[in-house]
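Q: Could you show me how to read pockets and a sheet in a protein model, taking one feature at a time?

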Amino acid sequence: MIYLSYCENDRTKRREYAAMLHKKSYALLKKALGYYGIHDPDIENNIEKNHYGKPYLKNIPLFFNISHCRGLAACAVHTSEIGIDAENIREYKPGILKRVLTPGELAYFNECENKDEIFFRLWTLKESYIKNIGMGLAFPLGNIEFDISDIRNIKSSDGGKKFGQISVGEYIVSVCVDTDSEFDAEYKFEDV
């Protein structure tokens, strides 16, 4: 399940706003864990990080990942490794295309009309993948390729993962889980 919360899109200082989004994402984690019967008011003390910085729950047999962007906080909890990324659709920066997209993705991208949306669909899939494998940007985004021609059946060059993607208003949210696990890209909004 994907848990989302809208965040007032004010123009406070960037660092303060990012800290508020981060807190909201962890508040979503607490709420999500409650659905699994885990009520730990100080969950942050049960979180450790791998050597790449990916957070995980110690002594709790669940996996989680958070994401946030201007106006939205997101959290996903699952029984296997999971990665999530959320982005608001905006104008993409053309200079990043060749560093991030594979030649196949670039060809698909160039054929599409709504380039901003297509870019962020691909970007969030790549981010969800590198967050799932726990490496973050230590893994070059151009090393994984996606076929998004059928949104219900997203294919990747890593056959060991499954992907889901939703559009919510101006946002794209992508999730990556291991193929041997069940996961639907269902979501719910929470007040946190």
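The dialogue below turns to the pockets and then to a sheet of this predicted model.

Q: What is the volume of the largest pocket, and which residues lie nearest its centre?

A: Rolling a probe the size of a water molecule over the atoms shows where empty space is left. Here the largest pocket has a volume of about 460 Å³, and among the 21 residues that line it, Asn-65, Ile-66, Glu-127, Lys-131 and Gly-136 lie nearest the centre. At least two lining residues come from each of α1 (14-35), β4 (63-69), β6 (82-88) and α4 (115-132), and by class the lining has 8 nonpolar, 7 polar and 6 charged residues.

Q: Which element gives the most to the lining of the second largest pocket?

A: That element is α1, with 4 residues. The second largest pocket holds about 330 Å³ of space, and its lining of 11 residues has Arg-14, Tyr-17, Leu-21, Cys-69 and Arg-70 nearest the centre. By class, this lining divides into 4 nonpolar, 2 polar and 5 charged residues.

Q: In what order do the strands of the open sheet run, and is the pairing parallel or antiparallel?

A: Strands of a sheet pair through backbone hydrogen bonds, either parallel or antiparallel. In this model 3 strands form an open sheet in the order β6-β10-β9, with antiparallel pairing, and the edge strands β6 and β9 (161-168) each pair on one side only. The twist averages 15 degrees from one strand to the next.

Q: Which helix packs on the sheet?

A: The helix is α4, which touches β6, β9 and β10, and its direction makes about 150 degrees with that of β6.

Conventions: Residues numbered from 1 in each chain as written. Predicted model: local features only at pLDDT ≥ 70, side-chain atom pairs only at ≥ 80, totals over all residues. Heavy atoms only, no water. 1 Å grid on protein atoms, 1.4 Å probe; cavity = no way out; pocket = protein on both sides within 12 Å on 5 of 7 lines; lining within 4 Å. Points joined across faces, edges and corners; volume = space filled by probe spheres on them. Nonpolar A, V, L, I, M, F, W, Y, C, P; charged D, E, K, R; others polar. Pairing = 2+ DSSP bridges. Axes fitted to C-alpha atoms, helices over the stretch in contact; angles between N-to-C directions. Contact = heavy atoms within 4.5 Å.
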